[in-house]
Each structure stands twice: as C-alpha cells, then as structure tokens.
Amino acid sequence: MEMSMMILVILALVYYSFRIIQVIIKLRQRIVLPATRGERNAIRKHPQKITAPPTVEGQKNGLIINAALVLFIIAMFTIVYITEVFSWHQYLFMLLFLAYSYFMLPLNLFAVKHDGILIGMRFIPWKRINTIHVVPIDKSHRYSGFSQEGNQGYVLKIKYTFGHASFVITSEQMLKRLLKLLKEHVKVEEKVETSVSQSK
C-alpha cells in the first residue's frame, strides 16, 4: 500500500511540475488574444474578477505559489523517504494536498495561442477541445447580479478531454472576435439565440 501511494505521489509531482513548466513556456510565446488591456478586461474568471495579464510577469504570484506548494511536497516526501517513516497516510495527505492545490489554486489566466488555449494551470491544444458553448447571462443565470458588465455578458464553456472550464465575456465585440478565432479550430455551439448569432 505504501509503495502504491508513494508512486502516485511521484506521478502527481511530475504532472504538476510539468504543468507549471508548460504554462511558463507558453506564456513566453506569442499571445493571439487578449492582446491589449481592454481585451483582457472583457475576459473574466468571474464577473467581478478580471484575468491577470497572460505573461510570466503578470502571472508571477500564482506561479510562485504553485511552485512553492510543489517544493513543499517534495521536501515532505524527501523527509519521509530518508527517515524511512513509511506510512500510506502521509502519502495520502501529500496526494490530497497536491490535488487541492492544482484544482483550487489555478492561475487567473485565459489566453488564445496559435496552437490552443491557456486556461488556469492548463494548456489545451485545439485537438483536445470537444465543444465550446456560449450562454448569455440572463436574470436566471447564477452569475446575474454580480456586476453590471457581467449582467450583459456571456459565459464561454469549454469542454475538453478529461475536463471542462468556463469564463465570462463581458463585451459582445470581444465575444464576436473570440468566436471567430475559435471557429477556425473547434466546434462552437450557441445554446440560445443571442444578438451575436442573429447578426450572422
């Protein structure tokens, strides 16, 4: 049992580290969208939370926190291994801690690249994206009432292999531009009629 948990922790550490390195590499490459502060202000993780700049400098705090958490678990793992205090409970704690950090402390990041999308701690290549749904924020939507811009916006839902993510778009002009880019690579579905679909 201890050996199985130890292997799982090592695999989780390798995966988490790979994601951090991959995001840093992608942030150093050219960003297609958002290219300006105005465009970035129209893309939000939550109606009240504007995404941080899609650069290493702009994501520095989040990257440092995630890297520090990985280093913390590596230190714990090393201490447990060297002292030979093998217990599956300790490895389970490390595994749960890594899972919590990865899913609950993602980067405040959304950026379209030439080969895919950067979203949180993940880079999703075009080929791994299944569908993208656009849903207007109306009075019955759970995001309604959080901000004036959000009330007039849309939720972009991305379904990809092994997961999904969503972002708020507060500008119809930004939505049109984003949809144009996305439709070159993926299937986009608008679940209800919007002024964007009516203007096509």
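Start your tour with helix 3 and helix 4, which run roughly antiparallel to each other. This is a predicted model, so keep that in mind as you click along.

**Stop 1: the helix pair.** Select residues 60-83 for helix 3 and 88-104 for helix 4; the two pack at an angle of about 175°, and their axes lie 11 Å apart. To see the contact, show Asn-66, Leu-69, Phe-72, Ile-73, Met-76, Phe-77 and Val-80 on helix 3, then Gln-90, Tyr-91, Phe-93, Met-94, Phe-97, Leu-98 and Ser-101 on helix 4. Color these by type and you will find 11 nonpolar residues, three polar and no charged.

**Stop 2: helix 6.** Next, select residues 172-182, where Met-174, Leu-175, Leu-178, Leu-179, Leu-181 and Leu-182 are buried. They sit on the same side of helix 6, because they cover an arc of only 160° around the axis.

**Stop 3: two backbone details.** Most residues other than glycine have a negative phi, and most peptide bonds are trans. Now go to the loop between helix 1 (2-27) and helix 2 (37-41), where Pro-34 is found. The peptide bond joining Leu-33 and Pro-34 is cis, with omega about -5°.

Finish at Phe-162, in the loop between strand 7 (154-160) and strand 8 (163-169). Its phi is positive, near 70°. Is Phe-162 buried or exposed? With 84% relative accessibility, Phe-162 counts as exposed.

Notes:
Residues numbered from 1 in each chain as written. Predicted model: local features only at pLDDT ≥ 70, side-chain atom pairs only at ≥ 80, totals over all residues. Heavy atoms only, no water. Buried < 20%, exposed > 50% of the residue type's maximum accessible area, 1.4 Å probe, protein only. Helix = DSSP H or I, 4+ residues; strand = E, 2+ residues; numbered from the N terminus. Arc of directions from axis to C-beta. Axes fitted to C-alpha atoms, helices over the stretch in contact; angles between N-to-C directions. Parallel < 35°, antiparallel > 145°, perpendicular 65-115°, else oblique. Contact = heavy atoms within 4.5 Å. Nonpolar A, V, L, I, M, F, W, Y, C, P; charged D, E, K, R; others polar.
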